[in-house]
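Hello,

Here is the structure for you to look over. My notes follow below it.

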Amino acid sequence: MNVLVTGGTGTLGRDVVMLLRQSGHRARILSREPRGHVDAVQGDLKTGAGLPKALAGMDAIVHAASATREPMALRATDVRGTRRLLELARDANIGHFVYISIVGIEGVAYPYYRIKIAAETLVREGMVPWSILRATQFHSFMELTLRAFARLPGMLAIPFGWQFQPVESREVARRVVDIVLDKPAGMLPDFGGPQVLDFRSIAESWLAARKERRRLMNLWLPFKASRQVAEGRLTCPEHKDGLVTFDQYLAEKYAL
Ligand SMILES: NC(=O)c1ccc[n+]([C@@H]2O[C@H](COP(=O)([O-])OP(=O)(O)OC[C@H]3O[C@@H](n4cnc5c(N)ncnc54)[C@H](OP(=O)(O)O)[C@@H]3O)[C@@H](O)[C@H]2O)c1
């Protein structure tokens, strides 16, 4: 199968690309900076540049691109860009559009999640036969989040009660590959990591693995979203699909 992977240079997308290629399929990457990548087309969801070329000859799309690092470009990339990609995919007779989303997003009042819901809604309109997989937060994303809270030296102030179910992105990628190689299936069951953990224990494991000494402090955030994350709305305890725990991820990454 010929699969276009948007976000094929990102955390999830690069594993999707690798696994597709390992199983004998063609994975073409869409990227704004394709230099150094094999079978990659330069394009930008924000402007539409390069998209027709990227779609030519493809059977299916894994849409894993998102302006995760550019909040100001989120709507243009994730909503208008997704619409543009769907319209071009319909015109190019693409048989399957797989969209990657996030578990529990309607339950947490966070701007990025509103964007994800808007993009999901476009996919669900059915311009192209579709599947949507929602996953919980990746292990590497837990680290990104912790780093963002660790700006002050010597301490780490975080909402202790936030609940996450971190998952290994490679395991999500394996599931995405199975999905794209199968028939369009609509809204799929959530995909979660093996354990629901509070943010305090995630932080303790992270500091220990990195041999970092920081005073852990509970941070109260006066936002609805913070309370909702503490209520476990981003978790799916009935779907403990991933096998790799956060501790195992850390042990592999920080082992001497
Ligand atoms: N991270 C998590 O914990 C998590 C959990 C569940 C679901 N998800 C979802 O999974 C998907 C992938 O997340 P990720 O963490 O792997 O992303 P990531 O590592 O931040 O990568 C983002 C990707 O989007 C591409 N991109 C950004 N703006 C673009 C634009 N204007 N045009 C074309 N490509 C653009 C980037 O490609 P270039 O820079 O090469 O152009 C990059 O490959 C996202 O939809 C995310 O919401 C993430």
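How many bridges join strand 5 to strand 6? Six, and the two strands run parallel. Strand 6 covers residues 130-135. This is a predicted model: local features need pLDDT of at least 70, side-chain atom pairs count only at pLDDT 80 or more, and totals for chains, interfaces and linings use all residues. Residues are numbered from 1 along each chain as its sequence is written, and side-chain values use heavy atoms, with hydrogens and water left out.

**The sheet**

Two strands pair if DSSP finds at least two bridges between them. Helices (H or I, at least four residues) and strands (E, at least two) are DSSP runs, numbered from the N terminus.

Ser 101 is worth a look. This residue lies in strand 5. Opposite Ser 101 stands Arg 134, in strand 6. Ser 101 counts as buried, at 3% relative accessibility. (Buried is under 20% relative accessible area, exposed over 50%, partly exposed in between; 1.4 Å probe, protein chains only.) The side chain of Ser 101 also makes a polar contact with the side chain of Glu 120, at 2.6 Å. A polar contact is a pair of N or O atoms within 3.5 Å; within protein, one must be able to donate a hydrogen and the other to accept it, and residues adjacent in sequence count only if both atoms are side-chain atoms.

**The ligand**

The ligand is surrounded by 26 residues, counted if one of their heavy atoms lies within 4 Å of it. The closest are Thr 9, Ser 31, Thr 68, Tyr 112 and Lys 116.

- Gly 10: a backbone N or O atom lies 3.0 Å from a ligand oxygen atom.
- Leu 12: a backbone N or O atom lies 2.8 Å from a ligand oxygen atom.
- Leu 45: a backbone N or O atom lies 2.9 Å from a ligand nitrogen atom.

On its own the ligand has 910 Å² of accessible area, and the protein covers 91% of that (Shrake-Rupley method, 1.4 Å probe). Helix 1 (11-22), strand 5 (96-102) and helix 4 (111-124) are the elements that give two or more residues to the shell. Strand 5 supplies the largest share, three residues.

**The aromatic cluster**

The whole structure holds eight aromatic pairs. Rings of Phe, Tyr and Trp (its six-membered ring) pair if their centres lie within 6.5 Å; planes under 30 degrees apart count as stacked, over 60 as edge-to-face and the rest as tilted. Phe 149 and Phe 199 are edge-to-face, 6.1 Å centre to centre with 75 degrees between the planes. Phe 149 is in helix 5 (residues 139-149) and Phe 199 in helix 7 (residues 199-209), 50 residues apart. Phe 149 is partly exposed at 23%, whereas Phe 199 is buried at 0%.

Phe 199 also pairs with Phe 164: the ring centres are 5.2 Å apart and the planes at 70 degrees, so this pair is edge-to-face. Phe 164 lies in strand 8 (residues 163-164), so the pair ties together parts 35 residues apart in sequence. Phe 164 is buried, at 5%. Phe 149, Trp 162, Phe 164 and Phe 199 form one aromatic cluster.

Best wishes
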